[in-house]
Amino acid sequence: MSDADAARRKQDFEDGLGGSDAQVAAFEGHERNFVDRLQHFLHANPTMVPVIVLVLSVAAFGVIAGGNFFSAFNLSLIMQQVSIIGILAAAQSLVILTAGIDLSVGANMVLVSVIMGNLAVNMGVPAPLAIGIGFCCGALAGMLNGFFVTRVKLPPFIVTLGTWNIFFALNLWLSGAQSIRSQDIDAAAPLLKFFGESIRIGGAQFTFGSILMVMIFAVLWYVLNRTAWGRHVYAVGDDKEAAELAGIRTDRTLVQVYAVAGLVCAIGAWAAIGRVGSVSPQSFQEANLQSITAVVIGGISLFGGRGSIIGPLVGALIVGVFNSGLRLAGVDVLWQVFAIGWLTIIAVAMDQWIRKVSA
Amino acid sequence: MLKTTALKTAALAIAGAGFLGLAQPASAQEVGACLITKTDINPFFVKMKEGARAKAEELGVNLSTYAGKVDGDHETQVQAIETCIASGAKGILITASDTKAIVPVVKKARDAGLLVIALDTPLEPIDAADATFATDNFKAGELIGEWAAKTLGEEAANAKIAMLDLTPSQPSVDVLRDQGFMTGFGIDTKDPNVIGDEDDPRIVGHDITNGNEEGGRKAMENLLQRDPDINVVYTINEPAAAGAYEALSSFGKTEGVLVVSIDGGCPGVQNVKEGVIGATAQQYPLLMASLGVEAIAKFAETGEVPEPSPGLDFFNTGVTLVTDQPVEGLESIGTDEGLERCWG
C-alpha cells in the first residue's frame, strides 16, 4: 500500500464529520453586478488597467490620426521616444514600491551622462572605463539618497528634493553649461552612442535604447517577482514595521533599492547619449516628473507595496501614444500637456477606486 | 549691570564704525551695476556675463550678477532687482524671463533713480526700460529665411518646411524669429504676433524644442512623421538644430535637407562649417553686455540715457549671416570669420 492510498483512506475518528459542510473555507463572493466583477478583476490584475488604456488609446488614435499613426515605423518610433523616460520610470518604480519617491532620477541621469562625456571626450579616458565610472557614480548617488532616508531618517521627498538640486548644480559645474557635440563624440568615443544604433525589422526601427528599456523591465520583473529580495521590496513598501518583525533588514533593503535605482539611472544616461546624440546639461529637465507620471499612469500605488513593475512601461508608452497621436492629428502642443495632466489624475482615481474592493 | 551695558555700547560702536569704514569708500569710489540673466545654464548668458565683467573691470564699475534658476524663473529676477535697488547700484542690465510681469518692479527701480537697460529680450511695452540693447530677432529670422529661399531657387515654391520653435508659451523671441523666417522665405505669416496661424501648404508644421538637443530631435521626428519629404528645417537655435540633425540621420535624410538656425555660438558655427547646419544668424551677447555696462557708467557720470538706433525702438547690436554657401544679394560671412566672432 502506497503512502498516497493511506492518506486517502478515511480514518475512524473522521466519521463524526459526516454531516458537516465539506467545503473548504472560502471568502464570500461580492459578485453582484458587472461593475463589481470588473473592480475585482482589476484588483487581482493591477497591470490590466494601463494595458486596457494603452490598447484603447492606440485604437482611438489610429482612427483619429489616420494611417500614419498605425505604421510599424511610428509605433516603433514611439518606443524610441519614450525609452529614456521609460528607463527612469523603472528606477522610479523601485523607489515608489517602497512607499518612497525619487525626485532626483532625472538630475542623476544627466549628471552621469555629463561625467561619461567629459571623461571620454574631453579627458581622453577610454570609453568603457568612462562608462564604468559613470555607473559607479550613479549607484553612489542613489546610495547617498538611501543613506539619508535610512540613517538620518529623513522623508524621501525631502532627501531627493535636495539631491535633485545638488546633482543639477554639479552637472552645470562639471559641464561648464556646455554641450559636447555629436561629432566630437563620434570622433573620440563612439561607444557612448551605442544605444542610438538601431535594427530594422520590416518598417519598424528599433533603437538599442528602446530594446534596453524593455530588457530592464524584464530583469526587474524577474527580480521583483521571483527572488526573495523582490518580495522584501514589496513587503517593506506595504508595511515597513511588519516587514521588520518578519525578519527583513528593512534599512538595508531600502539602501539597496535606492542604489539600484541610481544604477538604472546611470544605464539610462548611457542610453540618453545615444538618443540625444550629444551630451547636453540642459536636456531632460522635466524627466523627474515625467518618470513619476509614467509610474502613476502605470498603476503603481504612491503609497507603496502595490502594483506591477510592467505597469510603468505601459504607462510610459501611453504618454508616448498620446503625444504622438495628438501631434499627428495636428493638435497644438499645449493640449498634449493638458491631456497628460488629466490622464494622471484619472489614473490615480482609478487606483483609489480599485483599492476600495479590499475595504 | 552698568558694566555690561557699557561693554555692549562699545561693541556696537566698534561694529558700527567697522561697517561705515567698509561701506563708505566703496560707495564713494565705485559705480554699482547689476546684471540679471535668465539662467546661468545657457552659454549665451554665460558669455553675456563674461562681457559685462570684462568691461566692468576696465571701467572700475562694481558689477554684481544674478540669474534665475531655470528659464522662466521670474521670482528670482524680481528679488534680484530689489536687492539691486537696496544696494544703491546706479543701473541694472536685465534679460527678463517674463517680459510683462517684470514691468512693475522695473518701474520701482527707475523711480529709485536707477538706469534700467533690457538686454537681448525687449520688455513689454518696450519703453518700460530706459533702453534695450538687443539683436533684431525678426531680422535674424529673415536672413536665414531669405538664404534658404535663394539657395533652393525655383524649388522654393515646392519646399516642405519644418518649424522647430521654442516653447508652447510663444515668448517674443520665438515669435519674432519664426515669423521673420517665414517673411524672409516669402510666406504670408497672417498675424505676425502668432506662431502657426499661416495657411501656406509648404509649412508642414510647428513643434517645440525647449531650445535643446533632446527637444530638437523629438520635434524633428514628429514632423518627419507628418511628412517625410521635409527639405527645409528652421530651428530656433543651434542646440535644437543639432538635435534635428540626429533625427534626420536616423531617418537617413541628411542629404538634400537644408537646416537653418540662429545664435552664432561656437559649437553652432562649427556645425555650419561641417555642413550640419546650412546657415546661421549670429548675434553678439558680449557686445550687448559691454555696451550696457558702458551706458551705466556714462549715466552715473553725466545722467545721459542711451538712444535707440535710428528708425528702431531699441539699440541694435547687430546680426550677421554665417554660411559657407553665400547667395547673391545677401551679405554674409564665412565660418572662419564666424568662429572668430562666436560666443560660448
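Biologist: Which residues line the largest cavity?

Modeller: Bear in mind that this is a predicted model. The lining of the largest cavity consists of A:Met109, A:Val110, A:Ser113, A:Ala272, A:Ile273, A:Val276, A:Ser278, A:Val279, A:Ser280, A:Ser283 and A:Phe284. Two or more of the lining residues come from each of α6 (105-122) and α13 (250-276) of chain A. By class, seven lining residues are nonpolar, four are polar and none is charged.

Biologist: What is the volume of the largest cavity?

Modeller: About 80 Å³. The count of cavities of 30 Å³ or more is three.

Biologist: How should I read the packing of two helices?

Modeller: Two numbers describe such a pair: the angle between the axes and the distance between them. In this model, helix α2 (residues 34-44) of chain A packs against helix α16 (residues 333-355) of chain A at about 100 degrees, and their axes are 9 Å apart. The angle therefore makes α2(A) roughly perpendicular to α16(A).

Biologist: Which residues make the contact?

Modeller: From α2(A), they are A:Val35, A:Leu38, A:Gln39, A:Leu42 and A:His43, and from α16(A), A:Met350, A:Trp353 and A:Ile354. Six of these are nonpolar and two polar, with no charged residues.

Biologist: And how is the size of an interface given?

Modeller: Often as the accessible area lost when the parts come together. Here chain A and chain B bury about 2700 Å² between them, with 47% of it on carbon and sulfur atoms. Chain A gives 32 residues to the contact and chain B gives 28.

Biologist: Which three residues supply more of the area that chain A buries against chain B than any other three?

Modeller: A:Arg181, A:Gln282 and A:Arg327, which supply 21% of that area.

Definitions and conventions
Residues are numbered from 1 along each chain as its sequence is written. Chains are lettered from A and ligands numbered from 1 in the order in which they are written. This is a predicted model: local features need pLDDT of at least 70, side-chain atom pairs count only at pLDDT 80 or more; totals for chains, interfaces and linings use all residues. Side-chain values use heavy atoms; hydrogens and water are left out. On a 1 Å grid over the protein atoms alone, a cavity is a set of points where a 1.4 Å probe fits but cannot get out, and a pocket is an open set with protein on both sides within 12 Å along at least five of seven lines; lining residues have an atom within 4 Å of a point. Grid points are joined across faces, edges and corners, and a volume is the space filled by probe spheres set on the points. Helices (H or I, at least four residues) and strands (E, at least two) are DSSP runs, numbered from the N terminus. Ala, Val, Leu, Ile, Met, Phe, Trp, Tyr, Cys and Pro count as nonpolar, Asp, Glu, Lys and Arg as charged, and the others, Gly among them, as polar. Axes are lines fitted to C-alpha atoms, for helices over the stretch in contact, and angles run from 0 to 180 degrees between N-to-C directions. Angles under 35 degrees count as roughly parallel, over 145 as roughly antiparallel, 65 to 115 as roughly perpendicular and the rest as oblique. Contact means heavy atoms within 4.5 Å. Buried area is the accessible area (1.4 Å probe) that two parts lose on being put together, summed over both.
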